Amino acid sequence: MCVPVFNGERYLAETLESVLRQDFASFELVICDDASTDLTPDICGRYAGPRVRYRRFEQRGGQSGNFNRCLAEARGDFVTLLHSDDVHLPGLLARRVEQLERHPEAGFACGALELADAAGGHLSLMQPWKEERLLPSDTLVRALLHGSVVSTLGLLVRRENALLFRNELTWGHDWDWVLRLAARHPAHYDSRPLARYRVHNASGTAEILDSGTNAQQERSILDEALARVPDGERDKLRESALRALSLRQMAFAGRGLEGNRRGVARYNLKHAALAWPVVVFKPAYWAMAAASLGPLWVYSLFRKFRKRLRDPPPPQEPGR
């Protein structure tokens, strides 16, 4: 069990507690501290013990670099990565180990996730398949080309199959990692959500989105993954994968507008059109574009109007 952390004082104790409460006792907890400047070292010191190994690094390695430090430190037969703001729910470790022992043909085990807000409140469920199943490599790769349907969170990989993260990536490194892993090995998928992914504005994901550098790296990851697909399938998959990429950039543009970050919105709108030019014929595209260049209320008004069309008010009784 590996927890990479940088300035994680807000959620770190909850994350570590979720590991130590697991009913699977035969594990080690490796914490790699990427030169934190907050109370992270003090929090980790509270958990010192025979199963907990804390390593502090004085030079920043970045997210990918710190993930790789964790993988290098791990000694067990299986490895899993847990961000310092996420949690493993009860039973996850025992369940994942049992899955891999029952399915020796699977290179890793993964599963559904619960999405939560900053306070841990339930937002939604990330459940790409409704039933437990063994996923052949090509099936999982095809799904991953359309987005990060399987996360590193809650993913347990056999140590000999674990790949290094790419240090040159600052966005999508986890998506790239799972894509490369899936291209090599089938996976066992569990439809039960046994991990909780926290969505909040202080995360590394939010920071990269705000910097407006995500789209180019995501397109590069996608192009490289498509190049590994057999020729007969590539063209068809490329069209649908680029459409999905474009719609993700639209969603990121909307998020930028909600935070009054017009430059971020314009960046993502540009790359949405580059990935799938048809998107410029969508009214939402022009509502976002207008708001990114002028008053934000343009997009707010569009969203209210669209919601009204989708959810019309119930008919009133006669005479009212």
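Author: Let's start with Asn7, which is partly exposed at a relative accessible area of 31%. On that scale, buried is under 20% relative accessible area, exposed is over 50%, and partly exposed falls in between, using a 1.4 Å probe and protein chains only. Keep in mind that this is a predicted model, where local features need pLDDT of at least 70 and side-chain atom pairs count only at pLDDT 80 or more, while totals for chains, interfaces and linings use all residues. Residues are numbered from 1 along each chain as its sequence is written, and side-chain values use heavy atoms, leaving out hydrogens and water.

Back to Asn7: it isn't a glycine, yet its phi is positive, about 45°. You'll find Asn7 in the loop between strand E1 (2-5) and helix H1 (12-20). Helices here (H or I, at least four residues) and strands (E, at least two) are DSSP runs, numbered from the N terminus. Ala35 is another non-glycine with a positive phi, of about 60°, and it sits in the loop between strand E2 (29-34) and helix H2 (40-45). Ala35 is buried, at a relative accessible area of 10%.

On to the cysteines. A disulfide means a pair of cysteine sulfur atoms within 2.5 Å, and searching the whole structure turns up zero of them. Cys2 has Cys70 as its nearest cysteine sulfur, 4.8 Å away, and is in no disulfide. Cys2 counts as buried because its relative accessibility is 0%. For Cys110, the closest cysteine sulfur is that of Cys2, at 18 Å, so that's too far for a bond. With 1% relative accessibility, Cys110 is buried.

Next, Arg166, in the loop between strand E10 (156-158) and helix H6 (173-184). Arg166 counts as buried because its relative accessibility is 16%. Its side chain makes a polar contact of 3.0 Å with that of Asp176; such a contact is a pair of N or O atoms within 3.5 Å, where, within protein, one must be able to donate a hydrogen and the other to accept it, and residues adjacent in sequence count only if both atoms are side-chain atoms. Setting aside neighbours within four places in sequence, Arg166 is in contact (heavy atoms within 4.5 Å) with Ser64, Asp176, Arg180 and Glu224.

Asn68, in helix H3 (residues 62-73), is buried at 12% relative accessibility. Not counting residues up to four places away, Asn68 touches Leu164, Phe165 and Asn167.

Helix H6 also holds Ala183, which is partly exposed at 40%. Ser137 is 46 residues from Ala183 in sequence, but their C-alpha atoms are 5.6 Å apart.

Finally, a helix pair: H10 (residues 262-275) and H11 (residues 283-293) pack at about 145°, with axes 9 Å apart. Those axes are lines fitted to C-alpha atoms, for helices over the stretch in contact, and angles run from 0 to 180 degrees between N-to-C directions. Residues of H10 in this contact include Arg262, Leu269 and Ala273, while those of H11 include Tyr285, Met288 and Leu293. Sorted by class, the contact has eight nonpolar, one polar and three charged residues; nonpolar covers Ala, Val, Leu, Ile, Met, Phe, Trp, Tyr, Cys and Pro, charged covers Asp, Glu, Lys and Arg, and the others, Gly among them, are polar.
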